[in-house]
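Hello,

Please have a look at it first and then read on.

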Amino acid sequence: MSAVTVWYDSACPLCRREIALMRRLDRDARITFVDLHSGTGCPLDQGAMLARFHASEDGQLLSGAAAFAAMWRQIPRLRWLGRAARNPRILALLERTYIAFLRIRPRLQGLARRLEGDRA
């Protein structure tokens, strides 16, 4: 049984790459990855789930940097970062960084889609 559930947007090229990397690093299969477009169901409105990264750890729904930290804690190579995020100051810094990323995410998604199109 997995320790963490992660919901992701398979329509997003950035998300697909991130999740592919996390799947490779999750050698003990401690994370359940759920595609938000699979119809499996979401704990929140699908739009809210697509707007921010979400994970569930110990029955608690997390979003943003806290969700990333929960995922990282399950992966040996990243566990140190996930544990460091238990510090409120570090988590706040990671959350500010994530919010800044969300502002530029649409442009990065467009770039990634164009790059994928060039490879096809």
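Which residues have the most contacts inside the largest nonpolar core? They are V6, M22, F33, F53, M71 and W72, in a core of 22 residues. Such a core is a set of buried Ala, Val, Leu, Ile, Met, Phe, Trp, Tyr and Cys residues joined through side-chain atoms within 4.5 Å. Two or more residues each come from β1, α1 (13–25), β2 (31–35) and α3, and α3 gives the most, with seven. Helices (H or I, at least four residues) and strands (E, at least two) are DSSP runs, numbered from the N terminus.

A word on the source: this is a predicted model, where local features need pLDDT of at least 70 and side-chain atom pairs pLDDT 80 or more, while totals for chains, interfaces and linings use all residues. Residues are numbered from 1 along each chain as its sequence is written, and side-chain values use heavy atoms, leaving out hydrogens and water.

Now to the aromatic rings. There are four aromatic pairs (Phe, Tyr or Trp rings, the six-membered one for Trp, with centres within 6.5 Å; planes under 30 degrees apart are stacked, over 60 edge-to-face, the rest tilted). F53 and F68 are stacked, because their ring centres are 4.0 Å apart and their planes at 20°. F53 sits in the loop between α2 (46–51) and β3 (54–57) and F68 in helix α3 (residues 65–72), so the pair ties together parts 15 residues apart in sequence. F53 counts as buried at 10% relative accessibility, and so does F68 at 15% (buried is under 20% relative accessible area, exposed over 50%, partly exposed in between, with a 1.4 Å probe and protein chains only).

Best wishes
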